[in-house]
Amino acid sequence: MSDLPGRRRLLRGAMAAAAASAVPAFSFAQNGSPASGQGGGKVLRLGYIGPGKKPANATGWALRQGHLQRELATLGFTEVTTRNFPNGPDLNEAFVAGALDVGIYGDTPAIVARSRGLENQLIGFDAVGMNVWLLTPRNGARSVKALDGQTIGVARGSYMHRYVLGLLKEHGLQKSVKVIHMFPRDGEAALDQGSIAAFAAQIDVGPLLASRGYPVIDEADKHPTLRGTSVIVASNKLLAAAPGVPAAWTRARRAALQEIHRDSEAYYAFHAEVSGFPLDVVKVSHPLSQFPEAAYPAEGLALLDEVKKFLLAENLVSRDFALAQWRAPEA
């Protein structure tokens, strides 16, 4: 990477000044409290990352089957609205603007936000141990070392971004490889045109590009501490108004997971439908072993700690915090 200040700017962009226009698709209370629905009931506003028209994983199935709605109904919520975001920094902006109650997104932007003062709490994990695929043009580099002096594209502030920074550090390339911000939707075109030497792709996108002939020269699975997690985070204002949300969410996910394990084919068909990715790509990207039943699985907490230590060591965040204090109490 060309310079440390540049790296800092990329991840610090995760907490850019919020604008209310960031999430215009649904109404929200300006004070950050849960919005009111028709008939005076409360609406829970859920943000998530990805191109899908609805959330997937266990939370998505819990919504599809009505488990989450039934659990939240006991707390006075009559509706759950969802909004997808292209990346974690954009979701953070919506949190800052008071436009979300709960967000499901990657560990790196979530920890950056918390370190920079976003008032929220961890209420669970949606996935643990997510892979990243480092792909090159069809006639490009065939090893990480061959990227010396070249450019890598990756979505800034994402769990893939942390993987790239950690990988370059492992190979002593952090000063000689340029890392640029690139949305997943632009990765294939950049690889095809040869405008970048490599692209770090997340779940779904990575296997899809590999199936189209782009070589994979490295994966996060080869570096266990660089794998990602998808966390579930709730605003402090939501939890003050409805402290039972974390327990309700965990119960809904557990009910969903029981069904997913009983009929994984039905689940994967749903996941492929809402995400728009081919079924075989979804199965490779989302092994059921990555969906934890526990609210705070030991592996997930260990990976979060690795993320936090890495960001602090690289001076990409300046304020430490205790993960135990970030976690909402278990019921």
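This is a predicted model: local features need pLDDT of at least 70, side-chain atom pairs count only at pLDDT 80 or more; totals for chains, interfaces and linings use all residues.

Residues are numbered from 1 along each chain as its sequence is written, and side-chain values use heavy atoms, with hydrogens and water left out.

Aspartate 320 lies in the loop between α13 (298-313) and α14 (323-326), helices being DSSP runs of H or I with at least four residues. With a relative accessible area of 45%, aspartate 320 is partly exposed, a class between buried (under 20%) and exposed (over 50%), for a 1.4 Å probe and protein chains only.

| Pair | Distance |
|---|---|
| Aspartate 320 and lysine 309 | 8.7 Å, C-alpha to C-alpha |
| Aspartate 320 and lysine 308 | 2.8 Å, side-chain polar contact |

A polar contact is a pair of N or O atoms within 3.5 Å, where within protein one must be able to donate a hydrogen and the other to accept it, and residues adjacent in sequence count only if both atoms are side-chain atoms.

The largest nonpolar core has 107 residues, and Leu134 and Trp326 are among those that touch the most other members; such a core is a set of buried Ala, Val, Leu, Ile, Met, Phe, Trp, Tyr and Cys residues joined through side-chain atoms within 4.5 Å.

The largest pocket holds about 890 Å³ of space, a pocket being an open set of points on a 1 Å grid over the protein atoms alone, with protein on both sides within 12 Å along at least five of seven lines, and its lining residues having an atom within 4 Å of a point. Of its 40 lining residues, Ile49, Gly50, Pro51, Gln202 and Asp204 are the closest to its centre.

Definitions and conventions: Helices (H or I, at least four residues) and strands (E, at least two) are DSSP runs, numbered from the N terminus. On a 1 Å grid over the protein atoms alone, a cavity is a set of points where a 1.4 Å probe fits but cannot get out, and a pocket is an open set with protein on both sides within 12 Å along at least five of seven lines; lining residues have an atom within 4 Å of a point. Grid points are joined across faces, edges and corners, and a volume is the space filled by probe spheres set on the points.
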